[in-house]
Amino acid sequence: MILNCIIIDDEPLAADLLASYVKKTPYLNLVGTFNGAIDAIRVIREKSVDLCFLDIQMPELSGLELAKLLPEETKIVFTTAFSQYAVDGYKYNAVDYLVKPISYEDFVSACLRALRGNDEPRRDVDVTERIIYVKSDYKLIQVLLDELLYVEGEKDYVKFFIEGRDEPIMSLLSMKTIEERLPKPEFLRTHRSFIVNTSKSKVIDKGHFIVGEVRIPVSESYKAEVAKYIDSHVLS
């Protein structure tokens, strides 16, 4: 299921942060970002909006006042720097109430509540299959499959290379276990030490998948499977 959403926040930096979160969340579609409630009302009336990220303290019309005007089917996630508004926020049947600064983890948690609350879920995107948790340093770290570039095996460990993350996530897992869990053919085993997200490889050159500046090799053992994948995607 894809949720059409809007962001209403009079703080440009806060609005930009939420927009960046929406952009990397596969089941969200950003309809518009607004720095005031008045400007957003027309769009809400003209377009189908499933989810509204709504700041509370704004000039002219507050988020709580705007909430009274929203269609009943539009879900609300209140965003504010002031936790004392939480009780007021829940009076409007808000899906969640996020206190700034908002982490991506809390953002995704709120979005999942909005998804689960839908009475007629579609099958466009199964969000539960687009998220995995990786055990690393006694913590469980969430990995969005749409941000996973490739996996590299290194002795007893594997390294998950994530888009936008400087350092890989290291975990004590086997490549076979990861290969069995990741969806095919999107994630393709090309080598005993590599699994590549094919959607992140824009070029295949001389037996290598190119991901950014990294060349992912194809070993002899996996040539047949890789060739089958390429043949099914090449226009001829």
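Reader: What makes strand S8 largely enclosed by the rest of the structure?
Author: In this predicted model, 6 of the 7 residues of S8 (residues 148–154) are buried, so the strand is largely enclosed. Buried means under 20% relative accessible area, exposed over 50%, and partly exposed in between, with a 1.4 Å probe and protein chains only. Strands (E, at least two residues) and helices (H or I, at least four) are DSSP runs, numbered from the N terminus.

Reader: Why are S8 and S9 said to pair?
Author: Two strands pair if DSSP finds at least two bridges between them. S8 and S9 (residues 157–162) have 6 bridges, in the antiparallel sense. One of the partners is Val158 in S9, bridged to Gly153.

Reader: What lies between S8 and S9 in their hairpin?
Author: The turn has 2 residues between the strands, and Lys155 in the turn has a positive phi of about 55°.

Reader: How do you know that S8 and S12 pair?
Author: DSSP gives 3 antiparallel bridges between S8 and S12 (residues 194–197), and pairing takes at least two. Val151 has Ile195 in S12 as its bridge partner.

Reader: What share of the chain is buried?
Author: Buried residues make up 48% of the 236 residues. The chain has 7 helices and 15 strands.

Reader: Which residues does the numbering start from, and what confidence is required?
Author: Residues are numbered from 1 along each chain as its sequence is written. Local features need pLDDT of at least 70, side-chain atom pairs count only at pLDDT 80 or more, totals for chains, interfaces and linings use all residues, and side-chain values use heavy atoms, leaving out hydrogens and water.
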